[in-house]
Amino acid sequence: MSRLQIHEDDLTGKNIANLLREHLENMHEITPPESVHALDIEALRSPDITFFSARDGEELVGCGALKELSSTSGEIKSMR
């Protein structure tokens, strides 16, 4: 039995790029344009964003990111 593992990710894996592309496409399909706030892979590489991937064994099952707004606050980004 595998355990879910969550690790900081450097956004270089092909499966991460595919998941994020699918996420953006899905957001544009189901969400009004003014309400799509998902970030693309380049925006997620910003130094104030920490990106994480979730894996069940070797399988990528999700992702999320935290954006630092100040030393005491942040914002959740690109959760899938």
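Four salt bridges turn up when the whole structure is searched, and since this is a predicted model, please read each of them as part of a prediction. In general, side chains of opposite charge can pair when their charged atoms come close. Take D9 and R55 to begin with: their closest N and O atoms are 4.0 Å apart. Are the two partners buried or exposed? D9 has a relative accessible area of 15%, and because buried means under 20%, D9 counts as buried. R55, at 22% relative accessibility, is partly exposed.

Another of these pairs joins R80 to E22, with 3.6 Å between the closest N and O atoms. Here too distant parts of the chain are linked: R80 lies in the segment after β4 and E22 in helix α1, 58 residues apart. Both partners are partly exposed, R80 with a relative accessible area of 35% and E22 with 44%. A further salt bridge pairs E42 with R45, where the closest N and O atoms are 2.5 Å apart. E42 is exposed at 53% relative accessibility, whereas R45 is partly exposed at 38%.

Now step back to the fold that holds these side chains. The protein has two helices and four strands, and along the sequence they follow the pattern β-α-α-β-β-β. How are the four strands arranged? They form an open sheet in the order β1-β2-β3-β4, with antiparallel pairing. At its edges are β1 and β4 (74–77), each of which pairs on one side only. Neighbouring strands of the sheet are turned against each other by 25 degrees on average, ignoring direction.

As a reminder, strands of a sheet pair through backbone hydrogen bonds, either parallel or antiparallel. In this sheet, β2 (residues 49–56) and β3 (residues 59–68) are joined in the antiparallel sense by eight bridges, and S53 stands opposite C63 in β3. Helix α1 (residues 14–30) packs on the sheet and touches β2 and β3, its direction making about 75 degrees with that of β3. On to β3 and β4: they pair in the antiparallel sense over four bridges and form a hairpin with five residues between them. Within this pairing, K67 has E75 in β4 as its bridge partner.

Let us return to the start of the chain. Strand β1 covers residues 4–8 and includes I6, which counts as exposed at 56% relative accessibility. Together with L4 and V61, I6 forms a nonpolar patch on the surface, and the three share about 290 Å² of accessible area. Further along, the loop between β1 and α1 contains L11, whose phi is near 65 degrees, a positive value in a residue other than glycine. In contrast to I6, which is exposed, L11 is buried at 4% relative accessibility.

Finally, consider the protein as a whole. Its C-alpha atoms fill a box of roughly 40 × 35 × 20 Å along the principal axes. Of its 80 residues, 28% are buried. The protein exposes about 5,700 Å², and carbon and sulfur atoms supply 52% of that area. Among contacts between residues at least 6 apart in sequence, 50% join residues at least 24 apart.

Technical notes:
Residues are numbered from 1 along each chain as its sequence is written. This is a predicted model: local features need pLDDT of at least 70, side-chain atom pairs count only at pLDDT 80 or more; totals for chains, interfaces and linings use all residues. Side-chain values use heavy atoms; hydrogens and water are left out. Patches are made of residues with over 30% relative accessible area and no salt bridge: like charges are joined within 9 Å, nonpolar side chains (Val, Leu, Ile, Met, Phe, Trp, Tyr) within 5 Å. Accessible areas come from the Shrake-Rupley method with a 1.4 Å probe; for residues, only the protein chains shown count as cover. A salt bridge is a side-chain nitrogen of Lys or Arg within 4 Å of a carboxyl oxygen of Asp or Glu. Buried means under 20% relative accessible area, exposed over 50%, partly exposed in between (1.4 Å probe, protein chains only). Two strands pair if DSSP finds at least two bridges between them. Axes are lines fitted to C-alpha atoms, for helices over the stretch in contact, and angles run from 0 to 180 degrees between N-to-C directions. Contact means heavy atoms within 4.5 Å.
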